[in-house]
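Subject: Structure handover

Hello,

Here is the structure I promised to pass on. Please look it over first, then read the notes below.

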Amino acid sequence: MLDSVTSWASECSTCVVDFATSQLGVSVILAAVVFGAMQGVVSYSIYFERKIAAWMQDRRGPNRTGPLGLFQPIADGLKFVFKEDILPNHVDKVLFVLAPTLAFIVAFIGFAAIPWGGQLQIGDRLLNIQVANPDIGLLYLLGVGSMSVYGVVLGGWASNNKYSFYGGIRATAQMISYEIPMGFCILVIVLTMGTLRLENITLAQTGYWANGLIPQWNVFLHPLAFLILFITVLAETNRTPFDLAEAEQELVGGFHTEYGALKFGMFFLGEYAHMITSSAFIAVLFLGGWHLPFVPWAQPEATQWYAVLFKMGVLGAKICGFLFVMIWLRWTLLRFRFDQLMRMAWLGLIPMTLALFLLTVGLLYFDKHRSPVWALGGNAVILFVSLAYVAMSSKPITGRQTNMPVISEREFGGSQAEVSA
Amino acid sequence: MTSEAAYILYVVFALGAVGLYFLLPNPGRKSAGVGAALGVAAVGALLVFLSQKIGGRGEGSGFFYLFAGIAVLAAGRVVTHRRPVFSALYFVVSVIAVAALMVLQEAEFLAIALIIIYAGAILVTYLFVMMLAQQSGSPVYDVRAREPFAAVVAGFILMAAVAGRAGDLPEAKRPATIPVMQTHTPDGLAPDDLAPGESALGESTLGDPVEFEMESHTLSIARVLMTKYVVVLELSGVLLLVSMVGAIAMSRKVVPVDPNRPAPTPLGEVGKSVEPF
């Protein structure tokens, strides 16, 4: 009896170990770990947002709950959970509940395709530290990002409130417009790398130029595409200066005016999770992912467990850097007016990214697409021409909208005098 | 597949057509329950028929039935729902379910392209227009279907035409297990030693990314598009561009300028003019 129990136990433990060291097991464990860790990171990024804001404004920030206010996210989370869950009478019940759920889920499933730490060797097996390594990882992230607008739009529409509705409409127009330059920036990388698999994009950036001095990160090939991608990511995640969907001064809370308690918390967590996914995405595309030059643990050959942990730390540090810049920008820049936002996308970013795209196609034709001199020179020319065009043109990017149609007497019903009076 | 199978399919489609007819919005009729029952019965019968006749009992077939059922039911709701916003959302559900079916067929590129283009761009634009156009109340063209009988008959004929050709389809050739992608394994470990699921998830080794790309669906579709169908591809791109330019040209209206309007103040100055330094 005892023998059978012990043999069963040992069999069970071996099968557990077998499962944990298979690719599927690693994927499942990584998914659970990343999901849990992300929720912690997300709630603490809200804490750091408040702390950095306080630091920039010469205040102290949250400092009452625990040492240095460190328990503030826990208190906030408890409040989100235990507050009364209000469902207003005038809302569309189904969509009102569905919208924050959608925002939350869409923000979190993007993590599945991020290559976190290269490969791990267990025995004679090499396991990818990546939940899934789809052939189309890059497009998967793009698709998930394009779905993220639904949470905001549906929340705004279902609230049946004019402020929320305007927030949803603004978010839609903004995301549709900024997806175009984002797509072009990603196409530049796809053309340069020749693959859609994020792990391979990382691996292709682990070499060196100039006798091992400069790492082959894409940011040294196309810095302009990197900058524009970062700008579009700010727009896609609804961060300042692109937070028109929730402009407090004009729209109360924008699309989440009617939301409270856990439903608002899900919008909130979803927004920060989206920021983290997008940061990881840029880091993988342009900054070599988990690669760090000259450090042996962050090279693709290092497959020991401590090297994998180190690589995850490197990618995490890059993500934190992006998060800091996003928070920094939020407390530095003013919000765009809506016509400025649209003009920047359609007259500024889209022509520039189109030029970048054509440049990359040309470089590819002459087989110079991995040559930093040509790519950097092309980027500089495009940037210089754009700046010169803006400086020479008679219409400034800011300023009053000049092409608004005149409201004629006929369309206005003859009541213009009353309105102006 | 025999001809009797095609007749079974005709009966199933007729059932679905009658159900759809009762479900189409019509304020005078109170028989939506009958329509729903018939429609669900038709979808269920179709799934049973597929599982019995065409096979598909291999690995992952449960997912096929799940997503196929979701796609068909959501498509039905697209035409039967009274509120256009919900119709658009059901369209999104249908698109995602079809994308899942494509993933099951290992056509990842098509799946994600479908999601990005339809769910991520076109339907967001639809929603945008619907929300702008109609904020409250249901106009008559939303609560009453136009020509429901003709629509249902036309849909039935289309589906029946597909079913009639179903007899010519080859038998399902999909093996019971997912084909193992040719992976590069570490020394001393043959590819056969790996379970199929592991390799399908993408176990690769260092420095050999090319091997994956050779097998990939994306590369093969790109090769076909850029060699055999390159003229068609370019032509469709030009057609889309022309239609876009045409839409912009048609939507630009000349607005008469109000003669009484004061001359616009110089740019960058709000309300009053500022002397130059």
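**Two crossing helices**

H2 and H11 of chain A are roughly perpendicular to each other, a label for angles of 65 to 115 degrees. They pack at an angle of about 105°, with their axes 9 Å apart. Axes here are lines fitted to C-alpha atoms, for helices over the stretch in contact, and angles run from 0 to 180 degrees between N-to-C directions. From H2(A), the contact takes in A:Met38, A:Val41, A:Val42, A:Ser45 and A:Ile46. From H11(A) come A:Leu269, A:Tyr272, A:Ala273 and A:Ile276. Two residues are in contact if their C-beta atoms, placed from the backbone, lie within 7 Å. By type, the contact has 8 nonpolar residues, 1 polar and no charged. Ala, Val, Leu, Ile, Met, Phe, Trp, Tyr, Cys and Pro count as nonpolar, Asp, Glu, Lys and Arg as charged, and the others, Gly among them, as polar.

**How to read it**

This is a predicted model: local features need pLDDT of at least 70, side-chain atom pairs count only at pLDDT 80 or more, and totals for chains, interfaces and linings use all residues. Residues are numbered from 1 along each chain as its sequence is written, while chains are lettered from A and ligands numbered from 1 in the order in which they are written. Helices (H or I, at least four residues) and strands (E, at least two) are DSSP runs, numbered from the N terminus.

**Helix H4 of chain A**

H4(A) covers residues 93–109. Its buried residues include A:Leu95, A:Phe96, A:Phe104 and A:Phe108. Buried means 20 or more other C-beta atoms within 10 Å of the residue's own; exposed means 12 or fewer, and partly exposed is in between, with C-beta atoms placed from the backbone. Among the elements covering the buried residues of H4(A) are H2 (23–56) and H11 (261–286) of chain A.

S1 (residues 119–122) and S2 (residues 125–128) of chain A pair in the antiparallel sense over 4 bridges. Pairing needs at least two DSSP bridges between the strands. The hairpin has 2 residues between its strands, and A:Gly123 takes a positive phi near 65°. A:Leu120 sits in S1(A), and its bridge partner in S2(A) is A:Leu127. A:Leu120 is partly exposed, with 19 other C-beta atoms within 10 Å. Its C-alpha atom is 4.8 Å from that of A:Thr303, 183 residues away along the chain.

**Chain B**

Chain B has 11 helices and 0 strands. Buried residues make up 17% of its 277 residues.

Best wishes

Key: Expected span 1.5 Å × (residues − 1). Parallel < 35°, antiparallel > 145°, perpendicular 65-115°, else oblique.
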